[in-house]
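Me: I would like to learn how to read salt bridges in a protein model. Can we go through one together?

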Amino acid sequence: MPRAARFLLLLLAGLALLTVVAYFALTKVTRDWFERDIELRSRLAVSSARQSLENNWRTDRARLTETLTDITRDERIMGAAACSREGELLAATEAYPREFTCSSLLASMRRDAPASADSWSTTPELPSGSVRLSVTFIGGESQLRRAVVLVHDVSYLSRRERTTRNILIIAFFVLSLCAALVTLIAARLAWRRWTNELRKALKGGASIEFLPLLRDVRTLARQLASDREREARGGLWSPERLRATLTQYLDGERIVVLANREPHIHERTADGIAVLHPASGLVTALEPIMRACSGVWVAHGSGSADRETVDKHDRVRVPPGEESYMIRRVWLGEDEERGYYYGFSNEGLWPLCHVADARPTFRAEDFAQYVEVNRKFANAVCEEVDSDDPIILVQDYHFALAPKMIRERLPRATIIAFWHIPWPNAERIGICPWRDELIAGLLGASVVGFHTQQHCNNFIDSVDAFMESRIDRESNAIVQGARRTLVRPYPISIEWPVHWLEQVPSAADAHVGVRAELGLSPDVLLGVGIDRLDYTKGIEERLFAVDELLTRYPEFRGKFTFIQLAAPSRTKIERYRKLNERIDEVAAQINAKWSTANYRPIVLLRTHHEPASVFRYYRAADLCYVSSLHDGMNLVAKEFVAARDDERGVLVLSQFTGAARDLTEALIVNPYDLRQASDALAAALHMPIDQQRERMRSMRRFVSEFNVYRWAGRMLVDAAELRRKERMSGRLDAMARFTRTGNS
Ligand code: G6P
C-alpha cells in the first residue's frame, strides 16, 4: 500500500477513536449537567409555590391542584402531584401519569435514598419515552413531610444528545475530508517533485542528491530483469554462454561480420610490421564477440602492411598468437575510399545522423561509390558464408545498402544490421537525396538494431514516411510482402572483464606512473578525456569547461590538470582538419591563461594510443569527462568504469550519449552548459571516497551484467527465433504447394 494511503488510514482511525471518546465524554458531562439542572428547577418550582402548597395541603384539594397546575406552566414540567407522607395521592395535574403512584414512589425512595434526604429523583421508562420524576419534600420535620412529585420531560435531553452526536459525526467527516485533502496534496507535491527529479535525471540534469533513489529503482529493475533471465538460461553473459547460445539456438553456425574498420591493422613501421588496434567503439565491442564465437570479419584492409599479411584468399587469422577467427580483407581504390568512406559515409551520413551542428554534404558521385563498395563488400560476405542460410552481422552506417544486396543473393540468410550511431528523426533523414535507398537497404535485414528505443522509433517513423510497407507496431516490425524486419533496441557494451587490463598496472601504480611521466606534481588531481578527434565528441566544450572550472573554483588552480588523448581521425576531411587546429588553439589559450612555472592545466596528447595505454590513463585519473554533443552509445564511459577495479574515480557524462541512460550514477551534464559542466567537474573533484565507491560499484555491477556478450546474445536469440518461424512457415508453404500439385 502506498505510504500516503497508509498514513491517511491511520489518521482516519485516530480521528474515529477520538470522535467516539468525545461523544461518550460529552454525553456523560451533559447528562450530569442536565440532571443537576432538573434538580434545581424542581426545587425552585416547589419552593416558589411552597406557601400556597402548605396552605392548601389538606384543606382545599381544588386549590392544591391549581397550585400544582401553576407549577407545570414551566414547559419542561409535564405533570405534578402532591403525596401525603403515608403515600396517599392528594392532588395531581391532568397530565400526571397515574402509573406513578405515591405509595410506590415513596417506597422506592425509602429504599434508595437516606431517610434524611429532602429530594430524590428517578428516570423510569414510559412507552412514550423516558421521563424524570423528582420528589421534593416540604415541611421540616419528618412527621410533617409532604411530597411534591414533578414529572419532567427529558425528551429534549435525548434530542440534545442526538444533536451532539450528529455534530460530532459531521465534524469527523469534515476533519477526515480535510485530512484526506491535505495528505493528497502533500503526496502529489512529493510525487511531482519525485517525477521532476526523475525526469531531470533521465534527461541528464540529475541532481546529485537524487541519484541514490534513482539507483535504487534501477537496481531493483535490473535485479528483476537479470534474475528472470538467469533463471531462464543460467548465469551471467560470458564468452562461454554466448558460444552455448550460438550452438543451442543457431546450430553453432559460424558468424560472418561485415564492418568497415578491421580490428587488427598491420602497419609497416621502422621496426617491421606492427599490429595496431583502432580507436573505434564498434571494434571495441565486436572483437570480443568474434573471439568468443569465431567466424569471419569482412573489413576494409586499410593498414600499410595488410596486403603482406593475408593468404591468397585475402584472409588472415587473428588475434596474433590466439588465431581464434579470421579477417577477410577487401581492398579499396583511392576513388572508392574517397567516395564511399570519406565522402558519403563521413561527410554525408555521419553529420546527417549526429545533431552536432555540422551540415551534411551529399555528392552523387560519392553515393555512386557507396553503392559500388557496398556491393563489393556484400559479394565478399557471400563468398565467406558456408551455407545458404548463414548468420551475417552487418555493422554501421558504412553498409546501409548491403543487407538488401546480400538478401538478393542469399534469400534465406539471417541478417542482423546494427546501426552504431544515432538514427535521426524522419524530417532530418528526409533531407538525404538517397533516403529511400538507405531505408530499403536496411530493410533487407531480418533484424535492424539501434542503441536506444528512441532511435528505433525514429527509424520506424522514417519507414512510415518514405516506404511502401506495413508497420506492425505491436511487435515493432516492418512487413514487406512475406518478409518481416524486426526493429529492436540493443544497447551495446564492452567485454567483461576487459582482457586488456591484464597488461595494465594497478590504479595506484598508474596514478604515480602517469603523473611522473608527464612531469606533473605527484598529488595533482587528474581529469582524462579519450576520443577520436571528432567534432561530435565535444572536445572543445570539454576544454572550455576546464577553463570555467579554474575561473569559478580558484581552489583548483595549480592543482588540477586535464589530459586529453585524441586519436587523429578522418584527417582527409576538412572539418576534421579544422577541428585539429582548433583544439590546439583552445588548449594553448587555456594553458597561457593558467599555467605557472611548474603547472599546466591541459595536456593534449594527439596521437593514437593502444588500448593498454588508454586503460592506464583511465586508472590514473580522478575523473573522466565524456562530453559528446551526440553519441549513439559511447563506450569510453563504460571502459572507464571497467578500468576502475579500485572503485575510485568519477565519471562526468554528457546527457546526449546513449551511455547516460545506462550509467545514471555518473554526474550527468549538458556539455554545452559550461557552468553546469564546471560545477560537475568541481563536484567530482570534491566527492568523498565513500560516494565515489558507491557510484562506481553500482556502475561496475551494471556494466558487468549488461556486457557485450549479452548484447550479441540477445540479438542472436531474436534472430534465431525469427529464423525458426521463417523455416516453419517455409515448410508449411512447401507442404501446401505439394498438396496442391498432388491434387491437380
Ligand atoms: C564510430 C563508428 C564506427 C567507426 C568508429 C571509428 O564509432 O560508429 O563505425 O569505426 O567511429 O571511426 P573510423 O572512421 O576510424 O572507423
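The dialogue below turns to charged side chains and their pairs.

Reply: This is a predicted model, where local features need pLDDT of at least 70, side-chain atom pairs count only at pLDDT 80 or more, and totals for chains, interfaces and linings use all residues. Residues are numbered from 1 along each chain as its sequence is written, and side-chain values use heavy atoms, with hydrogens and water left out.

Me: What is a salt bridge, and how many are there?

Reply: Side chains of opposite charge can pair when their charged atoms come close. The rule asks for a side-chain nitrogen of Lys or Arg within 4 Å of a carboxyl oxygen of Asp or Glu. That gives 44 salt bridges.

Me: Where do Arg 291 and Glu 287 lie?

Reply: Both are in helix H8 (residues 281-293), four residues apart, about one turn of the helix. Helices here are DSSP runs of H or I with at least four residues, and strands are runs of E with at least two, numbered from the N terminus.

Me: Are Arg 291 and Glu 287 buried or exposed?

Reply: Both are buried. Buried means under 20% relative accessible area, exposed over 50%, and partly exposed in between (1.4 Å probe, protein chains only).

Me: Which residue forms a salt bridge with Arg 328?

Reply: Glu 383 does, with the closest N and O atoms 3.1 Å apart. Arg 328 sits in strand S12 (residues 325-330) and Glu 383 in helix H11 (residues 364-384), so the pair ties together parts 55 residues apart in sequence. Arg 328 is buried at 11%; Glu 383 is partly exposed at 48%.
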